[in-house]
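Please keep the sequence and the structure in view while reading.

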Amino acid sequence: MLRTRQPIRLLGVDDVDDALDLCARDPAANVFVASRILDGGLGPGSTAAHGYFADGRLEAFVWSYANVVPVNTGPDSWGPLAGQVKRMRRRSASFLGPREEVLGLWNETRSAFPRPRAMRSEQPLMATRTKPSQLGFPVDARVRPAQLEEVDLVLPAAEHMFTHEIGYRPYSGSPAFYRDSIWRLIRQGRTYVVIEDGRVIFKADIGSVALDACQIQGVWLSPELRGQGLAAGFMASVVEQTMADHAPFVTLYVNDYNVAALATYDRIGMQRVGTFATILF
């Protein structure tokens, strides 16, 4: 849109199409932000995103709500966007996104934030458009969408995964809010599980869907079952069902030190398409 000559301003409803166009340049990297926009994240009164404009056109923006996520940013926009990111520091729990963009923006804003609890600067971004079964990889038929009445079975698995990955319990502020977030994913058909003997032994969530892409998150296998070769069959089934139920382009990102997970994703045909970084506070 050609409605401003200010280099930085808050994005709103009139900017939705332009923001989604920027996200569409790299759906694998930007599906998280695109999905939030499609869910109404730039609606009236929103302060979730600020854009960087050049010659009146939106060239980059940063989503800065619970997570700070840059989209199509670079050296020209990091400095101008930094001021807005600093103002949102009290509500931001992390920076995440393409590594170069995250680290570039972090260098411009780090003085305003507390010392990070963790910096994960090498997170392979994996993706596929090919069903594992087309590659001859067997899928595990036990994987299925969770049902609403199973939310309290899914809750312990989700809590264990979150605590292990992030470093603190997910419901330190509001247990009811966390349970509701799981319930909403299940209602949307975005949580896949294997349940045996009345408990979840595997789960994976589809956290974001947009631009004919989706992002898998929250992958968890019960600790006593790890190392037995089960994860690949489970994940192959998740990928196949996700392609059928949500989007044909399936993505996820993973810590580089999680060698077992990387091997699993490689086995089922996922390929590296980029590198993410996450900074946790």
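Two strands are said to pair if DSSP finds at least two bridges between them. In this predicted model, strand E8 (residues 191-196) and E9 are joined by 6 bridges and run antiparallel.

- An example of parallel pairing is given by strand E4 (residues 67-71) and strand E5 (residues 94-98), which are joined by 2 bridges; here Asn67 stands opposite Ser94 in E5.

**Strand E9 and its two neighbours**

- How many of the 12 residues of E9 are buried? The count is 10, so E9 is largely enclosed by the rest of the structure.
- On the side of E8, Glu196 has Arg199 in E9 as its bridge partner, and the hairpin of E8 and E9 has 2 residues between the strands, with Asp197 taking a positive phi near 50°.
- On the side of E10, 7 bridges join E9 to its antiparallel neighbour, and Ser208 stands opposite Gln215 in E10.
- The hairpin of E9 and E10 likewise has 2 residues between the strands, and in this hairpin Leu211 takes a positive phi near 55°.

**Strand E6 and its two neighbours**

- E6 pairs with E12 in the antiparallel sense over 8 bridges, and within this pairing the bridge partner of Gln123 is Phe276 in E12.
- E6 is also joined to E11 by 4 bridges, again with the two strands running antiparallel, and Thr128 stands opposite Val250 in E11.

**A buried glycine in a loop**

- Gly269 lies in the loop between H8 and E12. Is Gly269 buried or exposed? Its relative accessible area is 18%, and because residues under 20% count as buried, Gly269 is buried.
- Leaving aside residues up to four places away in sequence, Gly269 touches Ala127, Thr128 and Leu135.
- Gly269 and Phe137 are 132 residues apart in sequence, and their C-alpha atoms are 8.7 Å apart in space.

**Packing of helices H1 and H2**

- Two packed helices are described by the angle between their axes and the distance between the axes. For helix H1 (residues 16-23) and helix H2 (residues 27-41), the angle is about 160° and the axes are 8 Å apart, which makes H1 roughly antiparallel to H2.
- The crossing of H1 and H2 is left-handed, and the contact brings Val16, Ala19, Leu20, Leu22 and Cys23 in H1 to Pro27, Asn30, Val33, Ala34, Ile37 and Leu38 in H2.
- The residues of this contact of H1 with H2 comprise 10 nonpolar, 1 polar and no charged.

**Packing of helices H7 and H8**

- Helix H7 (residues 230-245) and helix H8 (residues 259-267) pack at an angle of about 50°, with their axes 9 Å apart, which makes H7 oblique to H8.
- The crossing of H7 and H8 is right-handed, and Ala231, Ala232 and Met235 in H7 meet Thr264, Tyr265 and Arg267 in H8.
- Among the residues of the contact of H7 with H8, 4 are nonpolar, 1 is polar and 1 is charged.

**The buried residues of helix H4**

- Which residues of helix H4 (residues 99-109) are buried? They are Glu101, Val102, Gly104, Leu105, Trp106 and Thr109.
- The elements covering the buried residues of H4 include E3, E4, helix H3 (75-87), E5, E6 and E12.

Notes: Residues numbered from 1 in each chain as written. Predicted model: local features only at pLDDT ≥ 70, side-chain atom pairs only at ≥ 80, totals over all residues. Heavy atoms only, no water. Axes fitted to C-alpha atoms, helices over the stretch in contact; angles between N-to-C directions. Parallel < 35°, antiparallel > 145°, perpendicular 65-115°, else oblique. Left-handed = near helix turned anticlockwise from the far one by under 90°. Contact = heavy atoms within 4.5 Å. Nonpolar A, V, L, I, M, F, W, Y, C, P; charged D, E, K, R; others polar. Buried < 20%, exposed > 50% of the residue type's maximum accessible area, 1.4 Å probe, protein only.
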